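Please open the model in your viewer and keep the sequence panel beside it, so that each selection can be followed in both. The tour moves from one selection to the next and says what is there.

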Amino acid sequence: MSGDESPTPENPYLIAQSGPDQGERWVLQHDRLLIGRGAECDVVIPDRQISRQHARLVRTPQGIVVEDLGSKNGTHVNGSRIVSPTLLQDGDIIQVAFSQELMYVAYDATLPLEGPDFGRFGRLRMDSRSHRVWLRGMELSPPLSAPQYRLLEALYRQPSRVVPREEVVGQVWPDVAGDGVSEQAIDALVRRLRDRLAEVDAGYQYVVTVRGHGFRLDNPADEPG
């Protein structure tokens with residue numbers, strides 16, 4: 001399967017968060033999606049850390065589960081190694097032997113205008129279901145990394161409010177204690193997010209640093225077409 005197929009609510013998908021395939025999508029159109037190094041797999045990852053048939057997604061009455069297929073280096077969901085079939089939630093990160101991160105997206109908007117958040121605030125628009133971002137009507141591609149997306153979403157959901165650094169840490173690194181994330185790590189993430197947004201709209205700085213307090217999103221109204 002490839003990113004050329006169109007996802008629907010009945011057909012969730014995986015999207016590569018890193019590596020040479022970043023942004024590639026694989027749609028679960030049938031009951032199973034096989035991940036591994038072998039050419040017979042639906043998601044082929046040519047890395048020696050990956051087993052020939054490493055993991056698979058399976059449709060069940062409860063939802064989509066991921067299961068490890070006895071791989072040597074394991075399969076992780078949100079950083080925890082799985083030992084049995086694990087039910088996936090929208091936005092979960094699947095790590096295949098820690099060499100490839102894949103985000104599980106349960107739903108997708110077929111067109112930007114159908115996204116639940118599209119048009120709410122301004123010329124930067126997000127769809128929280130599909131983790132897609134548009135600036136001035138142009139989609140950001142490849143998509144943001146998971147930390148970049150969580151940072152932007154934290155600001156987007158609170159327009160004009162200054163979000164304190166402590167709150168940013170809680171949103172972006174929920175499993176890490178506040179003092180475990182350095183000021184430098186936060187600032188580096190903000191710089192990377194700004195750089196990604198500038199790839200589409202270089203003439204505007206959306207993420208504003210409010211010294212001594214935190215960050216806010218400057219998201220002006222979209223210009224009329």
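How far apart are the end C-alpha atoms of helix H3 (residues 183-198), and what should its 16 residues span at 1.5 Å a residue? The 16 residues should span 22 Å, and the end C-alpha atoms are 23 Å apart, which agrees; the expected span is 1.5 Å times one less than the number of residues. Helices (H or I, at least four residues) and strands (E, at least two) are DSSP runs, numbered from the N terminus.

Before going further, note that this is a predicted model, in which local features need pLDDT of at least 70 and side-chain atom pairs count only at pLDDT 80 or more, while totals for chains, interfaces and linings use all residues. Residues are numbered from 1 along each chain as its sequence is written, and side-chain values use heavy atoms, with hydrogens and water left out.

**The whole chain**

Select the protein chain, whose secondary structure comes to three helices and 17 strands. Of its 225 residues, 46% are buried, where buried means under 20% relative accessible area, exposed over 50%, and partly exposed in between (1.4 Å probe, protein chains only). Among contacts with a separation of 6 or more, 43% join residues 24 or more positions apart, contact meaning heavy atoms within 4.5 Å.

**Helix H3 and the cores**

Return to H3 and colour its buried residues, which are Ile 186, Ala 188, Leu 189, Val 190, Leu 193, Arg 196 and Leu 197.

Next select Leu 124, Val 133, Leu 151, Leu 152 and Leu 197, which touch the most other members of the largest nonpolar core, a set of 25 residues. A nonpolar core is a set of buried Ala, Val, Leu, Ile, Met, Phe, Trp, Tyr and Cys residues joined through side-chain atoms within 4.5 Å. At least two residues of this core come from each of E12, E13, H1, H2, H3 and E17. A second, separate core has 21 residues, among them Ile 35, Val 66, Ile 94 and Ala 106.

Centre the view on Leu 151, which, leaving aside neighbours within four places in sequence, is in contact with Val 168, Val 172, Leu 189, Val 190 and Leu 193.

**Helix H1 and the largest pocket**

Now select helix H1 (146-156), where nine of the eleven residues are buried, so that the helix is largely enclosed by the rest of the structure. Tyr 149, Leu 151 and Leu 152 are among these buried residues.

H1 also gives the most to the lining of the largest pocket, with three residues, and strand E10 (93-96) is the other element that gives two or more. The volume of this pocket is about 340 Å³. On a 1 Å grid over the protein atoms alone, a cavity is a set of points where a 1.4 Å probe fits but cannot get out, a pocket is an open set with protein on both sides within 12 Å along at least five of seven lines, and lining residues have an atom within 4 Å of a point. Grid points are joined across faces, edges and corners, and a volume is the space filled by probe spheres set on the points.

The lining divides into seven nonpolar, four polar and three charged residues. Here Ala, Val, Leu, Ile, Met, Phe, Trp, Tyr, Cys and Pro count as nonpolar, Asp, Glu, Lys and Arg as charged, and the others, Gly among them, as polar.

**Two loop residues with positive phi**

Select Asn 78, in the loop between strand E7 (75-77) and strand E8 (80-81). Although Asn 78 is not a glycine, its phi is positive, at about 55°, and at 40% relative accessibility it counts as partly exposed. Then move to Arg 136, in the loop between E13 and E14, where phi is near 55°, again a positive value in a residue other than glycine.

**A cis bond and a cavity**

Follow the chain to Pro 142, in the loop between strand E14 (138-139) and H1; the peptide bond from Ser 141 to Pro 142 is cis, with omega near 0°.

Last, select the lining of the largest cavity, which includes Ile 15, Met 103, His 131, Pro 143 and Tyr 149. About 50 Å³ of space lies in this cavity, and its lining residues divide into six nonpolar, three polar and no charged.
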